[in-house]
Amino acid sequence: MAVRPAGFACLPGDPAAALPGAHVVDGEEALRGEVRAAMAEHLEPILARFGPPMRRRGRALWGMVTDEVVEGLWYVARLLGEKRRAVRELEALLPGTTKPYAGSAAFRELNGPDGAPLPTRDRVSCCMFYTVRPRGHLCHLPAHL
């Protein structure tokens with residue numbers, strides 16, 4: 001598989017704005033909208049193909065997408081030492097009102113065993129762990145930062 005983008009979006013001050021294929025947008029929220037639209041355009045045909053065999057539709061599929069986008073970017077941010085920034089950016093990217101995505105980044109803090117704040121998030125969809133280990137399945141606690 002190869003990815004050959006026809007263009008890209010960027011902010012006016014970005015040095016890449018002068019490159020061929022650049023689509024300059026007016027502000028960070030417009031750029032987030034471009035990211036959401038590009039993800040949806042890429043994933044819609046995949047969901048259309050895999051939804052029926054998985055016996056999932058609409059909100060359930062987009063809930064899984066919402067969770068996997070947040071979890072994937074959050075994971076990379078943890079590796080890069082950008083946990084707090086990722087929480088802010090993901091909450092802005094997926095605030096819960098952006099169709100077709102189902103739900104928000106859903107970050108919150110719990111008290112850890114020692115009483116210290118423990119950042120976590122609530123999934124929109126089921127993790128489906130029961131499909132991997134059906135015997136004795138218990139849902140896991142939310143993923144932690």
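Here are some friendly notes on the salt bridges, a hairpin and a helix in this predicted model.

1. Let's start with the charged pairs. Nine salt bridges turn up when the whole structure is searched. As background, side chains of opposite charge can pair when their charged atoms come close. The points below take up some of these bridges, together with the parts of the chain that they join.

2. Glu29 and Arg32 form a salt bridge through their side chains, with N to O at 3.0 Å. Both residues belong to helix 1 (residues 28-54) and sit three residues apart, which is about one turn of the helix. In general, an α-helix has 3.6 residues a turn, so residues three or four places apart point the same way.

3. Next, please find Asp67. Is Asp67 buried or exposed? Asp67 is buried, since its relative accessible area is 0%. Its salt bridge with Arg121 has the closest N and O atoms 3.1 Å apart. Asp67 is in helix 2 (residues 58-79) and Arg121 is in strand 4 (residues 117-121), so this pair ties together parts that are 54 residues apart in sequence. Arg121 also counts as buried, because its relative accessibility is 1%.

4. Asp67 has another arginine partner. A salt bridge links Asp67 with Arg123, and here the closest N and O atoms are 3.6 Å apart. Again the pair connects distant parts of the chain, with Asp67 in helix 2 and Arg123 in the segment after strand 4, 56 residues apart. Arg123 is partly exposed, as its relative accessible area is 31%.

5. Which residues are linked in a network of salt bridges? The network consists of Asp67, Glu68, Glu71, Arg121 and Arg123.

6. Ser125 is worth a look while you are there. This residue lies in the segment after strand 4, and Ser125 counts as buried because its relative accessibility is 15%. The side chains of Ser125 and Asp67 make a polar contact at 2.7 Å. Leaving aside residues up to four places away in sequence, Ser125 touches Ala60, Gly63, Met64 and Asp67.

7. Now for the hairpin. Strand 3 (residues 107-111) and strand 4 run antiparallel and are joined by five bridges. Within this pairing, Glu109 stands opposite Pro119 of strand 4. The hairpin has five residues between its strands, and Gly115 takes a positive phi near 90 degrees there.

8. Finally, turn to helix 3 (residues 83-93), where the buried residues are Ala86, Val87, Leu90 and Leu93. They are on the same side of helix 3, because they cover an arc of only 135 degrees around the axis. What covers the buried residues of helix 3? The cover includes helix 1, helix 2 and strand 3. If you have the model open, these elements also carry features from the points above: helix 1 holds Glu29 and Arg32, and strand 3 runs antiparallel to strand 4.

Terms used
Residues numbered from 1 in each chain as written. Predicted model: local features only at pLDDT ≥ 70, side-chain atom pairs only at ≥ 80, totals over all residues. Heavy atoms only, no water. Salt bridge = Lys/Arg side-chain N within 4 Å of Asp/Glu carboxyl O. Helix = DSSP H or I, 4+ residues; strand = E, 2+ residues; numbered from the N terminus. Buried < 20%, exposed > 50% of the residue type's maximum accessible area, 1.4 Å probe, protein only. Pairing = 2+ DSSP bridges. Arc of directions from axis to C-beta. Contact = heavy atoms within 4.5 Å. Polar contact = N/O pair within 3.5 Å; in protein donor to acceptor, adjacent residues only side chain to side chain.
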